Amino acid sequence: MVSEIRLYAAVEHLEQAQYFETVLASRGVQVQLETVEKLNARFLRLNPELALCVDTDGLWLCANGMKMQPDWNAEVGRLKRASLKSEMIARACNLGEKPSLIDATAGLGHDSLLMAHLGAQVTLVERHPILFTLLEDTHLRAQNDAFLSAVVNRIQLVFSDSADYLQQQAAQKMLVDVIYLDPMFPQRDQNQQAAKKQAQVKKQMQLLHKLLPEDGEMDLGDHLLQLAQKVAKRVVVKRPRLAVFLAEKAPDHQWQGDACRFDAYFQRDLVAE
């Protein structure tokens with residue numbers, strides 16, 4: 001996990017950059033803050049190493065001339081088109097019942113945003129300090145958007161390792177309606193053709209992969225399924241269509257799409273105490 005990173009900002013955004021420097025330091029990340037004359041595409045090309053940058057639009061991850069952030073504003077069009085009937089994830093997670101839901105594999109938070117828009121009360125759990133800080137900044141900015149503000153008010157961010165968080169919930173006899181798992185690195189269990197397609201990720205995901213290098217089973221999600229089943233009435237796992245079952249455990253039900261599927265595990269005897 002990245003424990004040291006550069007943070008670039010022009011003079012006019014120095015105060016904001018200093019705030020992020022302090023926040024990241026509190027989360028165990030050593031930040032080298034550098035002021036630059038102009039933070040533009042040319043500067044990013046000339047400084048290709050993985051770094052952070054701050055501008056008018058907030059905090060970004062940058063590398064190889066690209067930059068990315070969890071762009072929730074770009075999801076507004078999808079949200080406006082979405083409905084409980086049109087979205088397979090809505091059926092899999094039973095969003096019509098407005099469930100309490102834990103997204104234990106946060107990523108960029110786009111699925112959580114959609115599920116909150118469709119009625120879920122979402123707890124978004126992320127363990128990586130840099131990714132969590134990016135999500136936190138995006139969440140804060142979305143509160144100032146007329147359309148997104150009502151949606152993000154149904155999203156709570158939790159800075160924690162998901163396994164630790166689920167263990168704590170189980171120990172406290174807490175119960176939620178749904179836990180959603182979307183492991184980031186499922187390539188090892190697909191056939192070769194599907195793996196090649198999965199490797200052709202968007203620019204956004206290329207940077208995320210640089211920040212979150214695959215480090216074995218921890219990011220494959222196998223260890224989370226059993227923990228999730230202790231806490232949720234329903235566990236939903238998003239998988240590439242040809243991937244094997246998470247933790248090699250067959251689901252109780254599946255929803256199949258062209259590129260992905262949703263595997264559901266029901267705990268019919270799990271009740272709140």
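This is a predicted model: local features need pLDDT of at least 70, side-chain atom pairs count only at pLDDT 80 or more; totals for chains, interfaces and linings use all residues.

Me: Where does Asp111 lie?

Reply: Asp111 belongs to helix 5, which covers residues 110–117.

Me: Is Asp111 buried or exposed?

Reply: A residue counts as buried when its relative accessible area is under 20%. Asp111 has a value of 12%, and is therefore buried.

Me: With which side chain does the side chain of Asp111 make a polar contact?

Reply: The partner is the side chain of Tyr180, at 2.6 Å.

Me: Let us turn to the strands. How should I picture the side chains of a strand?

Reply: In a regular strand, side chains alternate between the two faces of the sheet. As for strand 1 (residues 4–10), five of its seven residues are buried, so that the strand is mostly covered.

Me: Which strands pair with strand 1?

Reply: Strand 2 (residues 30–36) pairs with strand 1 in the parallel sense, over seven bridges; here Ala9 has Thr35 as its bridge partner. Strand 3 (residues 51–55) is likewise parallel to strand 1, with three bridges, and Cys53 in strand 3 is the bridge partner of Tyr8.

Me: What unit do strand 1, helix 1 and strand 2 make?

Reply: Together with helix 1 (residues 14–26), strand 1 and strand 2 form a β-α-β unit that is right-handed.

Technical notes. Residues are numbered from 1 along each chain as its sequence is written. Side-chain values use heavy atoms; hydrogens and water are left out. Helices (H or I, at least four residues) and strands (E, at least two) are DSSP runs, numbered from the N terminus. Buried means under 20% relative accessible area, exposed over 50%, partly exposed in between (1.4 Å probe, protein chains only). A polar contact is a pair of N or O atoms within 3.5 Å; within protein, one must be able to donate a hydrogen and the other to accept it, and residues adjacent in sequence count only if both atoms are side-chain atoms. Two strands pair if DSSP finds at least two bridges between them. A crossover is right-handed if, with the strands pointing away from the viewer, the path from the first strand over the helix to the second runs clockwise.
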